[in-house]
Amino acid sequence: VDAAAKDGRRDVTAYLESHPVYSELEAVRRFIFLAGLAPACKCHIVHLSIPEGAMEVRRAKARGIDITVETCPQYLGLSEEDLHAIGGVAKCDPPVRPRESVERLWDLVIDGTVDMLASDHSPHTLASKTPPDGDFWSIPEGVTGVQTLLPVAVTEGMKRGLTWPRLAEITSTNPAKRFGLYGRKGDIRVGFDADLVLFDPSESWTLRANDLYYVNKHSPFVGKTFTGKIKATLVRGQVVYQADRVLAQPGFGRFYRMEMV
């Protein structure tokens with residue numbers, strides 16, 4: 001990073017070159033090494049962008065290390081070509097990767113190697129993500145992702161063989177089990193909270209900035225056409241979103257302690 005900045009390079013390519021695959025892979029391997037020294041700890045890797053890292057986690061699990069890994073929608077729905085086209089709104093860390101890596105990462109999501117899909121919602125202002133001088137170093141990392149997680153997963157995943165049960169695992173069941181919420185969250189069962197999404201898998205729609213419910217209305221997926229749309233959302237049995245309206249009121253949320261076993 002310092003070398004590129006010193007040379008006066010402020011472009012997307014310089015940013016990508018400053019975040020090579022091997023640096024992320026080295027971090028994953030180092031974390032796995034430390035996890036092996038603390039066998040009583042439950043270890044989790046966030047924001048994985050590379051298939052090579054997922055394969056390291058698979059090998060670590062085979063050795064008995066208690067470790068899980070997540071990826072994010074931007075690493076499954078965007079590639080380096082998109083970062084060049086979109087610019088700062090798509091800047092994240094780790095960065096999005098080449099198309100070949102995206103496809104290989106999808107394979108590892110579908111076959112169960114990657115445990116979960118997380119939104120990585122990072123609500124920077126649009127002004128900070130689109131500086132007038134175009135200096136890519138000055139743009140904060142992170143993309144908005146809560147509202148587009150499911151549309152990206154369904155639209156891109158179903159093209160590649162993602163099944164509905166597997167989608168439920170990576171977005172709900174596996175996170176609930178890993179973070180001590182299973183028994184209340186993560187499944188449709190008697191005694192669990194009625195947290196449900198009503199989803200029309202056939203409806204086609206294009207995301208516009210005004211469709212976003214964020215304070216900062218930007219997303220790298222603005223302008224993308226999705227297949228499948230959320231029609232309603234229920235939390236603890238109560239409808240909190242329906243007909244393009246958020247119905248929940250401030251204070252509706254409830255804190256649950258993690259019950260680790």
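Predicted model: local features only at pLDDT ≥ 70, side-chain atom pairs only at ≥ 80, totals over all residues.

**Entry 1**

I began with the strands. I found an open sheet of three strands in the order β1-β2-β3, with parallel pairing. Which strands stand at the edges? They are β1 (43-48) and β3 (116-117), and each has a single partner strand, so one side of each is left without a neighbour in the sheet. A reminder to myself: strands of a sheet pair through backbone hydrogen bonds, either parallel or antiparallel.

Next I checked how β2 and β3 are joined. Strand β2 covers residues 67-71, and two bridges join β2 to β3. I looked up E70 as well, and its bridge partner in β3 is M116. Then I noted a helix packing on this sheet: α3 (residues 21-37) touches β1 and β2. The direction of α3 makes about 170° with that of β1.

**Entry 2: two helices side by side**

How do α4 and α7 cross? I read that the axes of α4 (residues 51-62) and α7 (residues 99-110) come within 8 Å and cross at roughly 30°. Angles under 35 degrees count as roughly parallel, so α4 is roughly parallel to α7. I wrote down who makes the contact: P51, E52, A54, M55 and R58 from α4, with S101, R104, L105 and L108 from α7. Sorted by class, this contact of α4 with α7 has five nonpolar, one polar and three charged residues.

**Entry 3: R178**

I moved on to R178, which sits in helix α10 (residues 164-178). Is R178 buried or exposed? Its relative accessibility is 11%, and the cut-off for buried is under 20%, so R178 counts as buried. I then looked at its side chain, where a polar atom lies 2.8 Å from the backbone oxygen of C43. Not counting residues up to four places away in sequence, R178 touches K42, C43, D66, I67, T68, M116 and M260.

**Entry 4: P95**

My last stop was P95, in the loop between α6 (80-86) and α7. P95 has 1% relative accessibility, so P95 counts as buried too. Which residues is P95 in contact with, leaving aside neighbours within four places in sequence? I listed Y15, L16, H19, S49 and Y75. I also looked up a distance: P95 and G161 are 66 residues apart in sequence, and their C-alpha atoms are 25 Å apart in space.

Methods: Residues numbered from 1 in each chain as written. Heavy atoms only, no water. Helix = DSSP H or I, 4+ residues; strand = E, 2+ residues; numbered from the N terminus. Buried < 20%, exposed > 50% of the residue type's maximum accessible area, 1.4 Å probe, protein only. Polar contact = N/O pair within 3.5 Å; in protein donor to acceptor, adjacent residues only side chain to side chain. Contact = heavy atoms within 4.5 Å. Pairing = 2+ DSSP bridges. Axes fitted to C-alpha atoms, helices over the stretch in contact; angles between N-to-C directions. Parallel < 35°, antiparallel > 145°, perpendicular 65-115°, else oblique. Nonpolar A, V, L, I, M, F, W, Y, C, P; charged D, E, K, R; others polar.
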